[in-house]
Amino acid sequence: MPERNIEFGKYGARGFKGHEAVARQLDDLAGYIATPVTARRGLLARMHYLTRSDHARAAARAAGLTVTDRTLRAWLDGARSPSRKNLERIERAYRSVRRENVARYLLARLNREGRGTRVEIHPVNQSQVDRPRQRVVEFRTLNVRHWDRIVAAWAAGDDQELDDAWVDQVIDLGSQWGQYEYVTNVGFAA
């Protein structure tokens with residue numbers, strides 16, 4: 001596809017894909033539990049979140065946490081501790097369920113009844129690129145009015161769809177949109 005970087009970083013530029021920066025910002029806005037799952041407090045908080053209702057339990061099972069109710073009770077009571085593999089499953093299920101629960105709220109806040117949200121795009125870091133190879137890429141702002149595809153792809157954990165949805169929005173930058181495929185940061189609030 002034209003305007004897509006094939007050999008990013010070949011001359012020393014540093015950054016990451018724009019859709020990854022958007023996913024990180026949405027993760028920050030989702031407000032995950034700060035205590036790690038390896039700590040007892042973090043484990044209990046995640047387990048209570050995943051087992052507080054029948055709907056939450058069903059979503060956790062759909063997200064990959066397939067242990068018996070007896071095992072869940074033993075973990076909650078402290079009689080047994082989950083293995084490292086199960087801790088990873090708990091964390092993955094928690095993040096997946098949290099994304100699904102927060103997505104509708106975030107979508108409403110970001111769309112703001114059609115007014116959209118102002119997004120700041122910080123270009124790649126070119127400090128390690130030789131002077132003749134550096135290009136002029138400035139800080140840009142963009143008003144994104146349609147967050148539906150972006151938030152849906154983020155909630156589903158679909159990287160390719162999130163990339164496509166983000167590129168559809170960045171094209172509004174005009175002929176320079178390809179310069180912002182890789183960035184150092186994408187900032188917005190909800």
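Student: How many salt bridges does a search of the whole structure find?

Tutor: Nine. The structure is a predicted model, where local features need pLDDT of at least 70 and side-chain atom pairs count only at pLDDT 80 or more, while totals for chains, interfaces and linings use all residues. Residues are numbered from 1 along each chain as its sequence is written, and side-chain values use heavy atoms, with hydrogens and water left out.

Student: What makes the contact of Arg99 and Asp27 a salt bridge?

Tutor: The term needs a side-chain nitrogen of Lys or Arg within 4 Å of a carboxyl oxygen of Asp or Glu. Arg99 and Asp27 meet at 3.0 Å, N to O. That is within the cut-off, so the name applies. The pair links distant parts of the chain, 72 residues apart: Arg99 is in helix 5 (residues 84-111) and Asp27 in helix 1 (residues 18-30).

Student: How do you know where a helix or strand runs?

Tutor: Both are DSSP runs, numbered from the N terminus: helices are H or I with at least four residues, strands are E with at least two.

Student: Why is Asp27 called buried?

Tutor: Buried means under 20% relative accessible area, exposed means over 50%, and partly exposed lies in between (1.4 Å probe, protein chains only). Asp27 has 18% relative accessibility, so it counts as buried. Arg99 is buried as well.

Student: What does Asp27 touch, not counting residues up to four places away in sequence?

Tutor: Tyr32, Arg99 and Trp154. Contact here means heavy atoms within 4.5 Å.

Student: What are Arg57 and Asp54: buried, partly exposed or exposed?

Tutor: Arg57 is at 30%, so it is partly exposed. Asp54 is at 60%, so it is exposed. The two form a salt bridge, with the closest N and O atoms 2.7 Å apart.

Student: Why are Arg57 and Asp54 separated by about one helical turn?

Tutor: Because they sit three residues apart in helix 3 (residues 54-62). An α-helix has 3.6 residues a turn, so residues three or four places apart point the same way.

Student: What makes Asp168 and Arg149 a salt bridge?

Tutor: Their side chains meet at 2.4 Å, N to O. This pair also links distant parts of the chain, 19 residues apart, with Asp168 in helix 7 (residues 159-170) and Arg149 in helix 6 (residues 148-156). Asp168 has a relative accessible area of 39%, so it is partly exposed. Arg149, at 38%, is partly exposed too.

Student: Which residues are linked in a network of salt bridges?

Tutor: Arg46, Glu91 and Arg95.

Student: Which residues of helix 6 are buried?

Tutor: Ile150, Val151, Ala153, Trp154 and Ala155. The buried residues of helix 6 pack against helix 1, helix 5 and helix 7. Just after helix 6, Gly157 takes a positive phi of about 75 degrees.

Student: In which sense does helix 5 pass helix 6?

Tutor: The crossing is right-handed. Arg99, Ala103, Leu106, Leu107, Leu110 and Asn111 of helix 5 make the contact with Asp148, Val151, Trp154 and Ala155 of helix 6.

Student: What makes strand 2 and strand 3 a pair?

Tutor: Two strands pair if DSSP finds at least two bridges between them. Strand 2 (residues 117-123) has five with strand 3 (residues 140-144), in the antiparallel sense. Strand 2 also pairs with strand 4 (residues 182-187), again antiparallel, over four bridges. Ile121 has Arg140 as its bridge partner in strand 3 and stands opposite Val186 in strand 4.

Student: Which residues form the covered face of strand 2?

Tutor: Thr117, Val119, Ile121 and Pro123. The uncovered face holds Arg118, Glu120 and His122.

Student: Why is Glu113 called exposed?

Tutor: Its relative accessibility is 76%, so it counts as exposed. Glu113 lies in the loop between helix 5 and strand 2. It has a positive phi of about 55 degrees although it is not a glycine.

Conventions
Left-handed = near helix turned anticlockwise from the far one by under 90°.
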